[in-house]
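Look at the sequence and the fold side by side. The paragraphs below walk through some salt bridges, a loop and a surface patch.

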Amino acid sequence: MRALRAAGWRIWRLDKEMTSHDAAMTRFGQWWKRSKRTGYGSAEGASLHGTPPERFLVRESRSAWFWGLGLPLLAFVCTSLVGPAGLMAFAIYPLQVIRLALRGNRSRRENWWRAVFLVIGKFPEVLGQAKFISDRAFGSRSKLIEYK
């Protein structure tokens, strides 16, 4: 798609679901591994196609670094500087869950579960991105991250 857009073409998408995907995940560990795989893929996609004009997956990658590593580090630094009150920085996580849940367009229950897992998912995503960076730095190629 990148080459088509670079050549001046426009990509159109239908507003209808054309397929369904069954991840068949029944355990938290499967979801965690899948989220790590998502992070790895986001880092790889941003590395390959993250330059303008597309900036493919750059926003998603930065989001994982902010929520999955930057904010926890900030909270720990604040805690070491001002004491236990610095832990208040972690309050942004439930606020983000609330924000995402209220913006959802699914059922109330689905919106809340989706919001919780979107926020929690930043942690395995950043681990997957770190794995991509490590693989790249050491010239190794990662095996497929299986989750089932």
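**Salt bridges, a loop and a patch**

Lys131 and Asp135 both lie in helix H6, 4 residues apart, which is about one turn of the helix. Helices here are DSSP runs (H or I, at least four residues), numbered from the N terminus. This is a predicted model, in which local features need pLDDT of at least 70 and side-chain atom pairs count only at pLDDT 80 or more, while totals for chains, interfaces and linings use all residues. Residues are numbered from 1 along each chain as its sequence is written, and side-chain values use heavy atoms, with hydrogens and water left out.

Start with the pair just named. Lys131 forms a salt bridge with Asp135, and their closest N and O atoms are 2.9 Å apart. A salt bridge is a side-chain nitrogen of Lys or Arg within 4 Å of a carboxyl oxygen of Asp or Glu. Why can such a pair form? Side chains of opposite charge can pair when their charged atoms come close.

Is Asp135 buried or exposed? Asp135 is buried, because its relative accessible area is 3%. Lys131 counts as partly exposed, at 38%. The cut-offs are simple: buried means under 20% relative accessible area, exposed over 50%, and partly exposed in between (1.4 Å probe, protein chains only). Asp135 also touches Tyr40, Ser140, Arg141 and Ser142, not counting residues up to four places away in sequence. Contact means heavy atoms within 4.5 Å.

Now move along helix H6. The side chains of Lys122 and Glu125 meet in a salt bridge, at 4.0 Å from N to O. These two are 3 residues apart in helix H6 (residues 122–138), so about one helical turn separates them. Lys122 is buried, with a relative accessible area of 17%. Glu125 is buried too, at 16%. What does Glu125 contact, leaving aside its neighbours within four places in sequence? Glu125 is in contact with Ser35, Gly39 and Ala64.

The whole structure holds 3 salt bridges. One of them joins Glu54 and Arg5, with the closest N and O atoms 3.8 Å apart. Glu54 sits in the loop between helix H2 (28–49) and helix H3 (58–82), and Arg5 sits in helix H1 (residues 2–6), so the pair ties together parts that are 49 residues apart in sequence. Glu54 is partly exposed, with a relative accessible area of 22%. Arg5 is partly exposed as well, at 36%.

Pro52 and Pro53 are joined by a cis peptide bond, with omega about 10°. Pro53 lies in the loop between H2 and H3. Arg55 is in the loop between H2 and H3 too. Its phi is positive, about 55°, although Arg55 is not a glycine. Arg55 is partly exposed, with a relative accessible area of 35%. Leu57 lies in the loop between H2 and H3. Phi of Leu57 is near 65°, a positive value in a residue other than glycine.

Finally, turn to the surface. Which residues form a nonpolar patch there? They are Ile92, Leu95, Ile98, Leu102 and Trp112, with about 470 Å² of accessible area together. Patch residues have over 30% relative accessible area and no salt bridge; like charges are joined within 9 Å, and nonpolar side chains (Val, Leu, Ile, Met, Phe, Trp, Tyr) within 5 Å. Accessible areas come from the Shrake-Rupley method with a 1.4 Å probe, and for residues only the protein chains shown count as cover. Helix H4 (residues 92–103) gives the largest share of the patch, 4 residues. Leu102 is in helix H4. Leu102 is exposed, with a relative accessible area of 66%.
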